[in-house]
Amino acid sequence: MKKILLSISLLMSTTTAAQAEGNSSHLDRVIQKGSLNVCTTGDYKPYTYLRADGKYEGIDIAMAESLAASLGVKVNWVPTTWKTMMADMTSNRCDIAMGGISVTLPRQQKAWFANVLDKDGKIPFVRCENVKKYQTVQQLNKPATRLIEPAGGTNEAFVHAYLPDAYLTLSHDNLAIFQMLVDKKADVMVTDASEALFQQKHYPKLCAVNPDKPLQFGEKAYLLPKDDISWKMYVDQWLHLSKANGDYQKIMGQWLAKQS
């Protein structure tokens, strides 16, 4: 009888320990392991960019390093794509995903967002001589309009929802799209106003169309694992303090002043 009771006790202890580990917050796990797993695409200037030397840079790269520093840990970069980001998040590869991520209800169904960073919205990005030609959804939604978008993100989703009659090409290299527009291999990229305003500095032949009047309202935020309130509260408070003391604005200013 004592052996049976001992076995039951050991089993209960093991089960409780396993449950505790499984239910622990990412906040505790990040601190315990000494590293922060940050999923990022590396293809969305000025937020995230993977350089030829293998190092990341950008607004949200600097913010990720700030978050890690607040926790006393190092950053472990986890490469992802717009198409695979949600799968990476739900499979627990990411403690957080960062890099110009738009808030959407489909993403909210599978993960959480930290507090909103900034407002944004979808606009046409075109060769400057075509600004008047591509102002509205009605002007864009024609078979003769050659759209080009990165595969798997909110740009592609917008096109499928609002521009079904336009001719769409998907690219797996987001940064190659801008030169394709310059070279007249495509006519329009529908993208976030923030990206268009940044990239037109580097590509003077391209113009953001009505960046202050987007075709679709949007917001950006960091993506977090679902149902982890302790981790969300920490990230939200860190972000609140970063904005309150001016660190976030300083990083934004440094990058938005860059020409490429």
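## Overall chain

In this predicted model, 73% of the contacts in the chain between residues at least 6 apart in sequence join residues at least 24 apart. The secondary structure consists of 11 helices and 14 strands.

The chain has 260 residues, of which 46% are buried. Its accessible surface is about 13,300 Å², and carbon and sulfur atoms account for 56% of that area.

## Largest pocket

The largest pocket holds about 440 Å³ of space. Its lining is made up of 25 residues, and those closest to the pocket centre are Thr 104, Pro 106, Arg 107, Thr 154 and Ala 157. By type, the lining residues comprise 10 nonpolar, 9 polar and 6 charged.

At least two lining residues come from each of helix H4 (85–90), helix H5 (105–110), strand E8 (118–127), helix H7 (154–162) and strand E13 (216–220). The most is given by H7, which supplies 5 residues.

## Cys 128

Cys 128 sits in the loop between E8 and helix H6 (137–140). Its relative accessible area is 27%, so Cys 128 counts as partly exposed, a class that runs between the 20% limit for buried and the 50% limit for exposed.

Beyond its neighbours within four places in sequence, Cys 128 is in contact with Pro 204, Lys 205, Leu 206 and Cys 207. For Cys 128 and Pro 204, the separation is 76 residues in sequence and 8.3 Å in space, C-alpha to C-alpha.

Key:
Residues numbered from 1 in each chain as written. Predicted model: local features only at pLDDT ≥ 70, side-chain atom pairs only at ≥ 80, totals over all residues. Heavy atoms only, no water. 1 Å grid on protein atoms, 1.4 Å probe; cavity = no way out; pocket = protein on both sides within 12 Å on 5 of 7 lines; lining within 4 Å. Points joined across faces, edges and corners; volume = space filled by probe spheres on them. Helix = DSSP H or I, 4+ residues; strand = E, 2+ residues; numbered from the N terminus. Nonpolar A, V, L, I, M, F, W, Y, C, P; charged D, E, K, R; others polar. Buried < 20%, exposed > 50% of the residue type's maximum accessible area, 1.4 Å probe, protein only. Contact = heavy atoms within 4.5 Å. Areas by Shrake-Rupley, 256 points an atom, 1.4 Å probe, with all protein chains shown as cover.
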